[in-house]
Amino acid sequence: LLAQSEGMLRARADELAAACRAALPQGEIEVRTDRSFAGGGTLPTLEFPTAVVALRVPNLRGGHAAARLRAADVPVVSRVGDDAVVLDCRTVGDGEIEPIARAIGELG
């Protein structure tokens, strides 16, 4: 997943955002550029450009929405930024868009 191009990430983000809008039409959903980190081990500070989907659910704080997504039938791991749930498309696999959208739809 670290080797995905910015174009591939943007295409996946656009697809995920469209699925999320269909599942949660009252939500505020946008695609943004951001950065990912390789994580711990030998590359803890190595940054990669990425595309994310940021969403806000009416009447639900970002942290609460993220907690509910983690507890969904198919857990969705996200981060929270500016009180929005942030889904990093560098970590979203090909078959995961629809399950993520279903979990997001259950937030509304």
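**View 1. The largest nonpolar core of this predicted model has 28 residues.** Within this core, the residues with the most contacts are Leu16, Val53, Leu87 and Ile104. The helices α1 (6–23), α2 and α3 (97–105) and the strands β1, β2 and β4 each supply at least two residues of the core, and α1 gives the most to it, with six residues. Ile104, one of the residues with the most contacts inside the core, touches Cys20, Leu24, Leu55, Leu69 and Leu87, when residues up to four places away in sequence are not counted.

**View 2. Helix α3 and its buried residues, which are Ile97, Ile100, Ala101, Ala103 and Ile104.** Seen down the axis of α3, these buried residues fall within an arc of 160 degrees, so they line one face of the helix. What covers the buried residues of α3 includes the helices α1 and α2 together with the strands β2 and β4.

**View 3. The open sheet of four strands, arranged in the order β1-β2-β4-β3 with antiparallel pairing.** Strands β1 (28–37) and β3 (79–81) stand at the edges and have a single partner strand each, so one side of each is left without a neighbour in the sheet. On average, and with direction ignored, neighbouring strands of this sheet are turned by 40 degrees against each other. Strand β2 (residues 47–56) and strand β4 (residues 84–88) run antiparallel and are joined by four bridges; among the residues that take part, Val52 has Asp88 in β4 as its bridge partner. Helix α2 (residues 62–70) lies across β3 and β4, and runs at about 50 degrees to β4.

**View 4. The salt bridge between Arg12 and Asp94, whose closest N and O atoms are 2.7 Å apart.** Arg12 lies in helix α1, whereas Asp94 lies in the loop between β4 and α3, so the pair ties together parts that are 82 residues apart in sequence. In general terms, side chains of opposite charge can pair when their charged atoms come close. A search of the whole structure finds eight salt bridges.

**View 5. Asp88 and Arg79 form a salt bridge, with their closest N and O atoms 3.6 Å apart.** Asp88, which is also the bridge partner of Val52 in the sheet, is buried, with a relative accessible area of 9%, because the limit for a buried residue is under 20% relative accessible area. Arg79, by contrast, is partly exposed, with a relative accessible area of 32%. Salt bridges that share partners bring Asp34 into the picture as well, and join Asp34, Arg79 and Asp88 into one network.

**View 6. Arg32 and Glu30 form a salt bridge in which the closest N and O atoms are 3.2 Å apart.** Arg32 counts as partly exposed, at 23% relative accessibility, and Glu30 is likewise partly exposed, with a relative accessible area of 33%.

How values were computed: Residues numbered from 1 in each chain as written. Predicted model: local features only at pLDDT ≥ 70, side-chain atom pairs only at ≥ 80, totals over all residues. Heavy atoms only, no water. Pairing = 2+ DSSP bridges. Axes fitted to C-alpha atoms, helices over the stretch in contact; angles between N-to-C directions. Contact = heavy atoms within 4.5 Å. Core = buried A, V, L, I, M, F, W, Y, C linked by side-chain atoms within 4.5 Å. Buried < 20%, exposed > 50% of the residue type's maximum accessible area, 1.4 Å probe, protein only. Arc of directions from axis to C-beta. Salt bridge = Lys/Arg side-chain N within 4 Å of Asp/Glu carboxyl O.
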